[in-house]
Amino acid sequence: MPNGLHVILHRDGSIPLVAVNLWYHVGSKNEHEGESGFAHLFEHMMFQGSENVPANMHFQHVQSAGGTLNASTSFDRTNYYETLPAHQLELGLWLEADRMRALAVTEENLENQRDVVIEERRSRYDNQPYGTMLIELFARAYKLQPYKHPTIGSIADIRAATLEHVRAFHRMYYQPRNATLCLAGDFDSNEAFRLVDRYFGDIVGDDVELYRPFVHEPPQSTQIRDYVYDSIPLPALMLGMHIPDMNHRDFLPLDVLSQILTSGESSRLHRSFVYEARVAQSIVSYAFDLEMPGLFLFRLIAQQGKSPDMLETMLWRELDDVRRNGVTERELEKAKNRMESSFVHSITSLQSRADMLNTFRVLSRDASLINRQLEHIRAVTLEDVQRVASTYLTENNTTCLYYLPYPKHQSREGV
Amino acid sequence: MSTQHGRDVKLPPAPGVPKDVTFPDYHEQVLGNGMRVLVHAQRTLPLVNMNLVFRGGSSHDSALAGLASMTGEMLIKGTSTRGAQDIVESIEGRGGSIGSGAGWDSMSIGITHLSRHTAHAMDVLADVARQPAFHEEELQRMREQRLADILQEKSSPGVLAWQRFCAALYGGHPYGVPQDGDERSVERMTVDDLRRVHAERFFPGNAFLLVVGDADPDALLRLAEQHFGDWSARDAVIGDDAPPTAAEERVVQVVDRPNAVQTSVVVGHGGISRTSEDYIAVSVMNTLFGGYFGSRLNLNLREDKGYTYGAHARFDARRHAGPFAAGAEVRSEITDLAIEEILREMHRLREEPVLPEELEHVQRYVTGSFPLQIETPTQVAQRIISIELYGLGKTWYNRFNSSVMALTPERIQESAQRYLHPDTAAIVVSGRGQQLRNTLERFGAVQVYDTDGAIIPDVSPLAQDL
């Protein structure tokens, strides 16, 4: 649209529903030092009232129309979404346009949501066994990149946020040229475009330069190691290796490699650690798909009586085998089949289809990549997999964290 | 703001015309041996979801906690012709997934796969249902996994509070014991126990095969006939499980987690059966009370007070009345205030009729979001399983919306009076034991437990004086 709002329409009339999925290209990586958690706190504030929608009425409007809704914040983006009965499309557009145009929040709302977010941090991270592992790992793996601070933020930074700050954040990032709106479902395209124009067409953004950090993290040359005590019954091991960003040609092979190693009970490492040697209660890996260079993660929880250093020794032996000998044709084929089927699963719901279109558009700059995703997965070769394993899954490129149960005499502290 | 486009943006736009939604119909056929085959074809994506369901679940575990779920999980860990790894490899290798286990009222095996592999999936399904091997070596693996899982659960604040709550309510009845068993029962389980459960429950007349997704009903029936047709019929029915009795007096229990930075709160009592005539009224009453974001509980505890990231309530409806529980994870210092608010909201719903507008909001939410509940094959399958398992009748979901719309403020109040009991509700929390022992005393005598379930005596100076 002329004001810079990017619009994607995807029609599917098989069930009378419509998904409204609006992305703002801002996440916790846009936060400065001392502002951690702000993008996410702001996401909460988007439900606290706008010009024509009083606090909490956003939920009320959507739910009493028979819709569901939510929002989420990640390192790279913030999304807002509603799934509505098809005849309520206009309501969704009105609500999103109103809070893009003019937020109306108060000191009191901010205080309340600050408390809610602090409890959110405790519920999801601090008070959960192993809940802080990712936070602790990212904090050590990165020296410069803003990924080093977590999206949820620190409690001190959350307490320090001000209303003025909330307003400035809205002015800078919540404007049409930083947003992409995807509609998926049962509608007429011309009518949908007309409605989008009607509600969003006259929103004019500030002419400010968006703060988009792009920081080059210097290559890691020696291994980083540390340990953390937690209220956990079984020790755990977490590794993170630096890998390129999600649009780099090595990313998909890394994703395939992760599938081969730990996806499903028949995967290589699940079989060796959990089924055969029985040294781990669980093992997962993940190639973290980020706009700037991310991490390849492993998390293993030890079986009773097994130690993290034993798991680590065995893991390096397994990775060494992959680096030297690669993986088998059968393993590669299986991983591709699983990725194909999980892709098909993830498009069974309109909302996840809309979100995927936005992912490709905002983070990879091209929504139509969704149609070539399977082809790109199919094109990954045995050589690709071995090459990325040798390049990235190396000792020196690794941050290694042991999670250990509190020693017995300490565990009663603070009673 | 006003409008270069000549419109009024101050008020929400009027909705368009709603389209009719009906619950998907499904074909039903019965094999010669009594096994039923149900198919709902949904041919938009090349996916198939198959579930083979047997009546009788964890609620029959009165002799050995966790037996149904262990038997269920072990079904796919080897048959007379396939090893555990062969089974999972053959399904996952084709891009599918396989799982098995037990619910309160059933045991089941589920396979999701791309439709070009339906014949293979059916072959595996029949094999694991009919010829599971229950090898000792595989059982030992599962025991170790379970024991580690049980240990893990002892560090999870939500699980600790929930398990103690169930024990407080139902004692030794299976509803009061973890579905996956405890250390002792898991250690004790033998392959003979598993074989006995299989022999009792796994026969054609006690089963139905449900297929949802990209499948042709006739072809599917032929395939089912080929793999299950020669399974001998048996003239038997599964015996009834003993109904639970929920405690009806106030107890206040704390599970001590010395390093907790929050308290997990559960407040509740016995609830409702899935087959009850009051089920719809009670679930709408609960939605209004604590079942969606705009519920009274969440607006009060989260949006008004900022005590929690989210507060909710649920009636867990099973064949017999399962628990009703309201809960939240709250800031430690205000645990007592949060509990007070939960009880206050329960009282309010009993004592005052809801406003017609508030009820209407909930009715529109529940009926309007119905298409969202049947969007994916998995969701449709879950609902058909409920219809079959609880004998609701094929038209149950088609009557659902009109039953919801017919509810009145009086009917909601009546349901609250009958199904919410703030004065006798059990109050169970996990968090910092010593602190909570003192602050929760106003609700009744406080009992503190460690994470292994042993009582921690009160050793504060005050208690010694008394």
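The structure is a predicted model, in which local features need pLDDT of at least 70, side-chain atom pairs count only at pLDDT 80 or more, and totals for chains, interfaces and linings use all residues. Residues are numbered from 1 along each chain as its sequence is written, while chains are lettered from A and ligands numbered from 1 in the order in which they are written. The predictor assigns the complex an ipTM of 0.90 and a pTM of 0.93.

Chain A contains 15 helices and 10 strands; helices (H or I, at least four residues) and strands (E, at least two) are DSSP runs, numbered from the N terminus. The radius of gyration of chain A is 23 Å, close to the 22 Å that the globule rule gives for 415 residues, so chain A is as compact as a globular protein of that length. The radius is taken over C-alpha atoms, and the rule is 2.2 Å times the number of residues to the power 0.38. Along the principal axes, the C-alpha atoms of chain A fill a box of roughly 60 × 55 × 40 Å. Of the 415 residues in chain A, 51% are buried. A residue counts as buried if 20 or more other C-beta atoms lie within 10 Å of its own, as exposed if 12 or fewer do, and as partly exposed in between, with C-beta atoms placed from the backbone. Among contacts in chain A with a separation of 6 or more, 81% involve residues 24 or more positions apart; two residues are in contact if their C-beta atoms, placed from the backbone, lie within 7 Å.

Chain B has 18 helices and 12 strands. A compact globule of 466 residues would have a radius of gyration near 23 Å, and the 25 Å of chain B agrees with this. The C-alpha trace of chain B spans about 70 × 70 × 45 Å along its principal axes. Buried residues make up 49% of the 466 residues of chain B. Of the contacts in chain B between residues at least 6 apart in sequence, 80% join residues at least 24 apart.

The contact between the chains takes 65 residues from chain A and 67 residues from chain B. On the side of chain A that touches chain B, at least two residues each come from α2 (57–64), β4 (78–85), α3 (89–101), α4 (107–126) and α12 (329–346). The most is given by α4(A), with eight residues. By residue type, this side of chain A divides into 17 nonpolar, 30 polar and 18 charged residues. Here Ala, Val, Leu, Ile, Met, Phe, Trp, Tyr, Cys and Pro count as nonpolar, Asp, Glu, Lys and Arg as charged, and the others, Gly among them, as polar.

In chain A, five strands form an open sheet of mixed pairing in the order β1-β5-β2-β4-β3; strands pair if DSSP finds at least two bridges between them. β1 (6–11) and β3 (68–73) of chain A stand at the edges with a single partner strand each, so one side of each is left without a neighbour in the sheet. From one strand to the next, the twist averages 10°. Within this chain, β2 (residues 17–24) runs antiparallel to β4(A) and is joined to it by eight bridges. A:Asn21 has A:Tyr81 of β4(A) as its bridge partner.

In chain B, six of the six residues of strand β11 (residues 426–431) are buried, so the strand is largely enclosed by the rest of the structure. In a regular strand the side chains alternate between the two faces of the sheet. On one side of β11(B), B:Ala426, B:Val428 and B:Ser430 are buried, as are B:Ile427, B:Val429 and B:Gly431 on the other. Strand β7 (residues 252–256) of chain B runs parallel to β11(B), with five bridges, and B:Asp256 stands opposite B:Gly431. Strand β8 (residues 263–270) of chain B pairs with β11(B) in the antiparallel sense over five bridges, and B:Val266 has B:Val428 as its bridge partner.

Helix α1 (residues 67–74) of chain B is mostly covered, with eight of its eight residues buried. The cover over these residues includes β4 (97–102), β5 (106–114), α4 (136–153) and α7 (191–201) of chain B.

Terms used. Axes are lines fitted to C-alpha atoms, for helices over the stretch in contact, and angles run from 0 to 180 degrees between N-to-C directions.
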